[in-house]
Amino acid sequence: MKTQNSGFFAFILFFLISQVSFAQTLSEQDKFLAATGKLLIFGVKGGYSSSCTAFAFAKDGNKYLFFTGVHCVTKYNEETSKDILKDANFYISLKKQEGEVLMYKATVLTIGGMKNFDDFAIFEVEIDKDIPIMSLSKSNPGLNEEIGIVGVPVGEKEIFSYLKGRVSRVNMDYVVIRKNVTTKGAFGIEVLNLKTPYGCSGGAVFSVKSKKIVGIISGVLVNEKDKEILNEKGQVTIFVVPITKFNDFYKEYTEGEHRFIGSKKNELKEEEGPNS
């Protein structure tokens with residue numbers, strides 16, 4: 001009887017260990033998706049847009065910090081090379097089960113600037129549920145390193161996507177999209193099965209090996225000749241702000257060296273007023 005019990009408990013222990021291991025394998029994707037939000041923008045004078053992703057990277061109690069792209073929340077003035085905060089109310093929509101509505105007011109704390117390719121903004125969001133926080137890497141990924149992304153591509157349905165790919169380019173540096181804007185220091189990634197990159201701006205890029213955040217999605221590489229976004233392999237090349245650049249920005253923010261919304265240091269709104 002003792003032997004039978006020992007065998008039974010050994011079986012139960014093996015079963016539980018295997019279930020924990022299996023859960024951990026599945027939960028990695030779930031963790032990244034749970035920390036991913038869709039950025040919703042409601043203009044003060046009317047109008048609505050939703051074309052970017054946000055990601056939770058820090059918390060203090062039930063207050064979370066999310067990053068997104070600065071180009072998502074501002075209008076860039078090509079003549080002055082300044083970013084003007086949109087006159088709008090911002091919300092974060094989280095991945096939800098059927099029937100749930102998870103939308104939270106988001107307060108802009110600070111923004112970077114497109115001129116220096118500081119393509120990020122930071123929100124504070126008070127949330128009544130627990131969200132896993134994934135670590136920020138201290139280094140950037142290398143060429144051909146396996147990576148993954150989380151984002152909410154634009155489409156008919158709100159689909160929170162978790163896709164994998166590889167680093168295809170490093171140290172990108174040329175003018176893109178707007179006057180006086182460069183991708184200096186960016187790295188490029190090719191993502192498998194990504195039908196459209198639009199809507200993924202501001203989303204997190206992570207290392208498959210370390211499970212840490214290594215960059216923030218900024219935009220898509222466009223072939224100037226035919227204006228196509230697909231390369232010769234039929235894949236989309238996304239350019240990414242390296243995490244070391246964001247780490248420096250966040251460090252300066254915590255030390256009070258960046259612009260705070262509503263503070264005396266605020267220079268976000270120019271004399272002509274914000275554009276929506």
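Mentor: Two strands pair if DSSP finds at least two bridges between them; strands (E, at least two residues) and helices (H or I, at least four) are DSSP runs, numbered from the N terminus. This is a predicted model, in which local features need pLDDT of at least 70 and side-chain atom pairs count only at pLDDT 80 or more, while totals for chains, interfaces and linings use all residues. Residues are numbered from 1 along each chain as its sequence is written, and side-chain values use heavy atoms, without hydrogens and water. A closed barrel of 6 strands runs β1-β2-β3-β8-β7-β6, with antiparallel pairing.

Trainee: What makes β1 and β6 a pair?

Mentor: Strand β1 (residues 36–43) and strand β6 (residues 88–94) share 7 bridges in the antiparallel sense, and the rule asks for at least two. Within β6, Ala 88 is the bridge partner of Gly 43.

Trainee: How do you know that Cys 52 and Cys 72 form a disulfide?

Mentor: The criterion is a pair of cysteine sulfur atoms within 2.5 Å. The sulfur atoms of Cys 52 and Cys 72 lie 2.0 Å apart, so the pair qualifies as a disulfide.

Trainee: Why is this disulfide called left-handed?

Mentor: The torsion about the S-S bond of Cys 52 and Cys 72 is about -85°, so the disulfide is left-handed.

Trainee: Why does Glu 190 count as buried?

Mentor: Buried means under 20% relative accessible area, exposed over 50%, and partly exposed in between (1.4 Å probe, protein chains only). Glu 190 has 7% relative accessibility and therefore counts as buried.
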